[in-house]
Amino acid sequence: MLKFVCILLAVIASEVIAKSMFPMPRLPNSCSQISVRRDIISLPPDELLRFVRVVREMHRRGWMDGFGSMHDHISHQIHGNEQFFAWHRRFLRHFEILMQEIDPGVMLPYWNWGTYWQSPIADPVLTGAYFGGNGRPGDNCVVEGAQARWGRNYPTRNCLTRRFRYGATTGAFWPMRAVRDVMNTAKTHAQFRSRIENGAHGIVHLGLGGDFETMYAPVDVLFFMHHAMIDKIWAEWQSRDPLRYRNVDGYDSQRIPVIASSLMPFYSEEVGTALATNGPGYCYVYDDVPAAPLGAMFKSFRRASFAAFKAAVNNTTAEQQAPEAVAEAMADEATDAPVVGSEFRVKHALNDTMDFRPPSPMSTEWLRGRHMDVAEAARMQALVNNVVAQINTERRQQRAAAARAE
């Protein structure tokens, strides 16, 4: 009994600490419009520049430290169980609302790591044109792209770091064909969550390394774009069955069944309120995923409770500036922002005669340290190995057919 009380007090204390770190805006009760989240590679240069300016301002205000602290303090409640999808959807929306307090027209883009899954270092997103790649030798600090020379104050004062899994490379990620195999075979929310979290999701965190493989990874803006991709994958799976917009299953970190009326950690809002991206408070869709039908959405029977709007970590005065004044202050940074041009539209650096390689297994120690399922990760490794083998067989057949036709 004493152990349970101590755990409960620790959870309450961690939420109080996290909530004191940065603003907690209310979710709107309805949607004045439905906005679209898009692949960051598809953003026109002016929209990319606006997004970069906003996240730089969020970093300046200390909000990235706040998000990192919050995620870290309650990590055991939001990983390895059925709070994972809904909680991270709510977390991304929190981030997006704060973005829109600085620039109302900006949306959170997603990073489609499936495009360059075989050679992620060829992905424009991991170059100086966007958000930088590997940390520099010696200290692993990110020194290129939109987050070049960023500092962080959580959990200690340091630079923002990345340390690719294999030194100069991340190793392969998951191909979307393997992700869709999971979509086609997972019948329950619990099955789908476990397979995605312990497969396609985890390998990206491990591949980028540094701060990105910790539980305070939200200090890195790439975290939000990676999880927007995970959220998009969930939204696509949901779109295949209207019941998935109202029902969940499985258990939370305390082995208590999770249902639509269960409360999300930290936010104290019902899981069901986060099941449709175009539902009240969320108000977005993805560019190639059908919206949830209004009649299929979960109906909440009680209003969610919200924390008060609190001061930011660094500078209350700066936080209170009008959006127009902030926009003017950021105008001077335009010359430092990434420039999108044809030279960055790179392709896979691969020889067409070479077989693709599947992602390497995630270590047992790494998985357990992040509340992940070792057995499920092994099953997902077998699945992705099989899919990559199928892709290689088909590529060999295509090369053989082309050779015969010559």
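These legends go with a set of close-up views of a predicted model.

**View 1. The whole chain, before zooming in.** The protein chain has 12 helices and four strands. Of its 406 residues, 55% are buried. Contacts across the chain count for a lot here: among those with a separation of 6 or more, 76% are between residues 24 or more positions apart.

View 2. An unreviewed UniProt entry lists residues 79-96 as "domain: Tyrosinase copper-binding". In the model, this stretch is 72% helix and 0% strand. From one end to the other, its C-alpha atoms are 21 Å apart.

**View 3. Helix α5 against helix α8.** Two packed helices are described by the angle between their axes and by the distance between those axes. Here α5 covers residues 84-102 and α8 covers residues 221-238. Their axes sit 10 Å apart, at an angle of about 130°. That makes the pair oblique to each other. As for handedness, α5 passes α8 in a left-handed crossing.

**View 4. Side by side at the α5 and α8 contact.** On the α5 side you'll find F84, F85, A86, H88, R89, F91, L92 and F95. They meet F223, F224, H227, A228, I230, D231, W234, A235 and Q238 of α8. Sorted by type, the residues of this contact come out as 12 nonpolar, three polar and two charged.

**View 5. Helix α3, mostly covered.** Helix α3 runs over residues 63-73, and nine of its 11 residues are buried. The buried ones are W63, M64, D65, G66, F67, G68, S69, M70 and H71.

View 6. F266 belongs to the loop between α8 and β4 (284-286).

**View 7. R255, in the loop between α8 and β4.** R255 lies in the loop between α8 and β4. Phi of R255 is near 65°, again positive in a residue other than glycine. R255 has a relative accessible area of 60%, so this residue is exposed.

**View 8. A cis peptide bond at P155.** Going from Y154 to P155, the peptide bond is cis, with omega near 0°. P155 is in the loop that links β2 (151-152) and β3 (158-159).

How values were computed. Residues numbered from 1 in each chain as written. Predicted model: local features only at pLDDT ≥ 70, side-chain atom pairs only at ≥ 80, totals over all residues. Heavy atoms only, no water. UniProt positions renumbered as here; feature names shortened; annotations may be inferred. Helix = DSSP H or I, 4+ residues; strand = E, 2+ residues; numbered from the N terminus. Axes fitted to C-alpha atoms, helices over the stretch in contact; angles between N-to-C directions. Parallel < 35°, antiparallel > 145°, perpendicular 65-115°, else oblique. Left-handed = near helix turned anticlockwise from the far one by under 90°. Contact = heavy atoms within 4.5 Å. Nonpolar A, V, L, I, M, F, W, Y, C, P; charged D, E, K, R; others polar. Buried < 20%, exposed > 50% of the residue type's maximum accessible area, 1.4 Å probe, protein only.
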